[in-house]
Amino acid sequence: MDYISIWMVIGFLLASYSVIANDSVQTLGTSIASNQTVNKLIMWGAASAVLLFAIWYGWFTYGGDISYGRLNKIPFQEIQWYHALAPAVLLVLTRVGVPVSTSFLVLSGFASTFVLEKMLMKSIMGYAVAAVSAYSIWFIISKLLDETNPVKEEHRKYWVVGQWITTGFLWWTWLSHDMANIAVFLPREVPLEMMFAISIIFVAGLYWMFRENGGRIQNVVLEKHNTRYVRSATLIDLFYFVILWFFKELNDIPMSTTWVFIGLLTGRELAIASFTQKRKFKSVFPLVGRDFFKMMIGLAASVGIVVVIHSM
């Protein structure tokens with residue numbers, strides 16, 4: 001494997017942790033928040049099983065391409081230091097708790113402006129669809145049940161099982177989409193021996209993420225209404241999975257799953273504030289605005305990286 005360079009290794013290692021850690025808030029975040037009493041080793045084992053299935057299934061199905069064909073329009077190129085800059089910036093933002101679009105931040109150094117434009121348009125549409133859908137869905141939910149009321153003990157086990165199932169499907173759907181943000185540093189046909197090394201690195205990084213209980217990025221979920229409750233977490237995971245799956249199947253253009261998740265939370269918070277007395281608009285808008293501002297930070301960083309690369 002003489003094609004492996006030091007910048008490929010550095011970029012891949014930085015992306016492996018930072019991409020999963022930053023985006024974990026939208027996939028595993030609700031599960032971590034609502035399962036504080038569950039042994040983290042059990043959760044790590046379950047998440048690792050889904051992760052390994054996802055990457056190996058993609059490897060077998062797509063002829064060695066673990067990105068599930070998401071990089072069809074972004075050919076492999078020799079990794080330079082400025083390519084590794086993006087996941088380094090992402091790592092810093094993740095450690096300080098800023099959720100950003102890993103797709104824009106990482107892929108901006110590789111994709112053409114045409115592809116980036118397509119990614120931006122798809123992400124904007126994803127944010128809008130998620131926000132409107134969540135607003136409509138939680139309008140109906142707010143009429144049917146009060147999420148703040150405790151789940152009846154005889155029903156709790158069904159919600160717990162449902163949450164683990166929805167989280168598993170959501171985690172797999174996200175992996176089959178955003179794995180491109182990591183695989184972009186790798187050959188499009190990953191050799192077998194490299195797959196074993198990748199598997200070990202991914203599982204180890206996931207262990208560290210669970211050991212930190214999601215890290216500071218987890219606050220994005222914890223500050224939202226009732227996300228610590230298993231019923232609310234299940235509903236969020238279910239509808240996010242459906243929306244994300246729709247956009248994943250729409251075409252092979254990568255998009256910002258973070259924007260979709262923030263859009264979902266935005267629509268949900270606005271619906272709860274509109275149709276219940278549990279939260280006022282004056283407390284919702286600062287949360288929504290702060291999340292949107294963080295999204296723009298990531299977009300600005302992506303543009304900055306593109307400018308740096310094109311000026312080289």
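Biologist: At what angle do helix α11 and α12 pack, and how far apart are their axes?

Modeller: First, a word of caution: this is a predicted model. Now the general idea: a pair of packed helices is described by the angle between the two axes and by the distance between them. Here, α11 (residues 230–250) and α12 pack at about 130 degrees, and their axes are 11 Å apart. The two helices are therefore oblique to each other, and their crossing is right-handed.

Biologist: Which residues of α11 and α12 meet?

Modeller: From α11 you have Ser-232, Ile-236, Tyr-240, Ile-243 and Leu-244.

Biologist: How many residues of α12 are buried?

Modeller: It's 17 of the 19, so α12 is largely enclosed by the rest of the structure. Helix α12 (residues 257–275) reaches 27 Å from its first C-alpha to its last, close to the 27 Å expected at 1.5 Å a residue.

Biologist: What span should helix α6 have?

Modeller: With 32 residues (113–144) at 1.5 Å a residue, α6 should span 46 Å, and its end C-alpha atoms are 46 Å apart, which agrees. Its buried residues include Val-115, Leu-116, Met-119, Lys-122, Ser-123, Gly-126 and Tyr-127. Trp-138 and Ile-141 are also among the buried residues of α6.

Biologist: Back to pairs. At what angle do α3 and α9 pack?

Modeller: Helix α3 (residues 40–61) and helix α9 (residues 192–211) pack at about 150 degrees, with axes 10 Å apart. That makes α3 roughly antiparallel to α9. The crossing of α3 past α9 is right-handed. Among the residues that meet are Trp-44, Leu-51, Trp-56 and Trp-59 in α3, and Phe-196, Phe-202, Tyr-207 and Phe-210 in α9. By class, this contact counts 17 nonpolar, two polar and one charged residues.

Biologist: And how many helices and strands does the protein chain have?

Modeller: There are 13 helices and zero strands. Of the chain's 312 residues, 54% count as buried. As for contacts between residues at least 6 apart in sequence, 86% join residues at least 24 apart.

How values were computed: Residues are numbered from 1 along each chain as its sequence is written. This is a predicted model: local features need pLDDT of at least 70, side-chain atom pairs count only at pLDDT 80 or more; totals for chains, interfaces and linings use all residues. Side-chain values use heavy atoms; hydrogens and water are left out. Axes are lines fitted to C-alpha atoms, for helices over the stretch in contact, and angles run from 0 to 180 degrees between N-to-C directions. Helices (H or I, at least four residues) and strands (E, at least two) are DSSP runs, numbered from the N terminus. Angles under 35 degrees count as roughly parallel, over 145 as roughly antiparallel, 65 to 115 as roughly perpendicular and the rest as oblique. A crossing is left-handed if the near helix is turned anticlockwise from the far one by less than a right angle, and right-handed if clockwise. Contact means heavy atoms within 4.5 Å. Ala, Val, Leu, Ile, Met, Phe, Trp, Tyr, Cys and Pro count as nonpolar, Asp, Glu, Lys and Arg as charged, and the others, Gly among them, as polar. The expected span of a helix is 1.5 Å times one less than its number of residues. Buried means under 20% relative accessible area, exposed over 50%, partly exposed in between (1.4 Å probe, protein chains only).
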